[in-house]
Amino acid sequence: MLAADMDLTKCIRVGSLFLTLTLWVSCSDIDLTKEPGHLKPFGTGGVNKPVEEMDGFPDPENFFENYVKPTKPLKMKGAARISKAMGKWRDEYFLSLDDDLDSEVKLETKKKENRLQAVDTMTFKNFVRIYNQTEHYMVDSVPPAIRGDITIPCPLQCKQLTEHNFVDNIMWFSSGGTKSVVHTDSVDNINCLYRGEKTLYFVDPSEHRHDVLIDHPDGTYSGMDVDAVDYTKYPGMAKVEFYHVNVSAGDCIYIPYLWVHQVRSYGSNLAVNVWWHRHAKDDLDYSACNRQCNTEYTMAQAKFMGLKTIQHDPIEVRDDFMTYISNDTNFEGFKQILFGDDYDKIVVDTTYVRAFTEMFEMLDADKNGLLSFTDFKTLDNEAWRTVGELLQLLMEDMEEDFEARNIDIDPDIDPDHGAAGDSDEMDLHDEL
């Protein structure tokens with residue numbers, strides 16, 4: 001795949017945990033501009049492997065044992081056709097309903113995703129009236145009035161999931177031509193397509209964890225241009241092998257936890273996904289799942305726990321630290337990884353240094369002055385809950401302080417439009 005694959009491993013970049021860091025450690029003299037895929041769309045240049053496919057949905061035990069637990073993506077051909085939405089969801093149908101479809105939904109304003117873009121709101125019906133003439137792209141929960149049209153994916157028809165472990169549902173609705181950022185999800189995900197076509201490129205994190213730079217780990221996404229990936233900025237991409245799949249209306253795709261992926265849509269496009277808590281697989285009782293899929297078991301009957309169940313989960317906090325902080329990280333490295341390019345703005349304030357010191361000392365379980373995975377695994381849930389709360393308070397204080405002092409901690413934000421974090425739905429994007 002590469003002329004000098006071993007030498008390329010010398011090109012290393014480091015990601016920060018909560019603010020963006022772009023730090024060169026070292027790089028070989030390889031001319032990355034001559035590698036296949038340089039300045040080409042994401043998914044170009046490397047080996048492309050097919051995603052496994054099957055007709056329809058698997059049963060819950062097959063799905064969880066053979067795909068969720070081993071974290072393998074799966075295309076389920078024609079699986080979404082069991083939902084009433086497949087035949088009913090036309091614009092005329094949406095506009096004919098009275099119910100609560102006049103409630104507001106959140107909309108992205110550019111089809112090429114930018115997590116810092118302006119976010120609009122309007123009623124669902126108004127969106128349906130204008131989306132074909134604009135770049136507006138609905139990314140919000142399915143309006144309650146039409147949730148009864150969507151059958152819960154058959155392998156998820158387990159009360160343990162639908163009543164306790166569903167995180168959220170999202171409707172992805174556009175006139176086509178959307179391009180997502182390269183990102184990972186902190187949850188497991190089934191996405192079903194009711195209109196149009198999609199292409200997805202996946203990267204297995206077990207094979208290429210350090211090759212696809214997630215340089216916005218606060219939002220678990222990469223800043224690379226998905227239309228023209230620059231290998232001089234993202235050298236690990238020259239090594240990456242991709243999984244590729246095309247999805248058509250009626251198909252569903254399983255997107256595993258932490259698998260890197262990028263999505264493009266074509267034609268009038270409408271999809272709905274269900275996110276569920278990834279730890280649910282650990283003790284799922286298959287005997288309590290539907291043996292035969294119930295097409296009348298709809299999204300209207302499910303309980304969605306919301307994003308806060310992920311944000312405040314001590315295991316999630318631990319896993320975030322284990323993802324972005326390497327073994328044998330000292331105190332200076334800890335601060336640098338957390339805050340990257342904004343490090344110098346932060347460390348001059350003794351209040352913050354004390355807070356970082358307190359957090360570091362909590363994480364350094366063996367008190368040897370270095371953070372390790374062994375340290376992280378030693379800490380109990382209460383300790384991780386405290387770390388998460390401390391970090392959240394610290395970030396809130398810093399944001400208020402920097403705003404008061406007119407210090408820009410994210411210079412990429414368009415001041416005319418504000419940050420994506422100003423909306424709840426974009427906060428969801430940042431986490432998932």
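Which residue in β11 is the bridge partner of Phe202? In this predicted model, the bridge partner of Phe202 is Tyr243. Strand β10, which spans residues 188-203, and strand β11, which covers residues 242-248, run antiparallel and are joined by six bridges. Strand β11 also pairs with β3, a strand made up of residues 48-50. Here the sense is parallel, and the pairing extends over three bridges. Within β11, His244 is the residue that stands opposite Pro50.

Helix α2 comprises residues 60-68. Its buried residues are Pro60, Phe63, Phe64, Tyr67 and Val68. Viewed down the axis of α2, these buried residues fall within an arc of 110 degrees, so they line one face of the helix. The cover over the buried residues of α2 includes several strands, among them β4 (52-55), β5 (74-77) and β12 (252-255). Strands β10 and β13 (260-276) also belong to this cover, as does helix α6 (159-162). At the start of α2, Asp59 places a side-chain oxygen within 3.1 Å of the backbone nitrogen of Glu61.

Strand β13, part of the cover of α2, contains Ser265. With a relative accessible area of 1%, Ser265 counts as buried, the cut-off for that class being under 20%. Which residues beyond its neighbours within four places in sequence are in contact with Ser265? They are Ser174, Gly176, Gly177, Thr178, Glu197 and Lys198. Of these, Thr178 lies 87 residues away from Ser265 in sequence, yet the C-alpha atoms of the two are 5.2 Å apart in space. The side chains of Ser265 and Thr178 are joined by a polar contact of 2.5 Å.

Leu39 has a phi of about 60 degrees and is placed in the loop between β2 (23-26) and β3. The relative accessible area of Leu39 is 47%, and the residue is partly exposed. Lys367 has a phi of about 55 degrees, again positive although the residue is not a glycine. The loop that holds Lys367 runs between α12 (350-363) and α13 (373-378). Is Lys367 buried or exposed? Lys367 is exposed, its relative accessible area being 57%, where exposed requires a value over 50%.

Technical notes. Residues are numbered from 1 along each chain as its sequence is written. This is a predicted model: local features need pLDDT of at least 70, side-chain atom pairs count only at pLDDT 80 or more; totals for chains, interfaces and linings use all residues. Side-chain values use heavy atoms; hydrogens and water are left out. Buried means under 20% relative accessible area, exposed over 50%, partly exposed in between (1.4 Å probe, protein chains only). Helices (H or I, at least four residues) and strands (E, at least two) are DSSP runs, numbered from the N terminus. The arc is that of the directions from the helix axis to the C-beta atoms. Contact means heavy atoms within 4.5 Å. A polar contact is a pair of N or O atoms within 3.5 Å; within protein, one must be able to donate a hydrogen and the other to accept it, and residues adjacent in sequence count only if both atoms are side-chain atoms. Two strands pair if DSSP finds at least two bridges between them.
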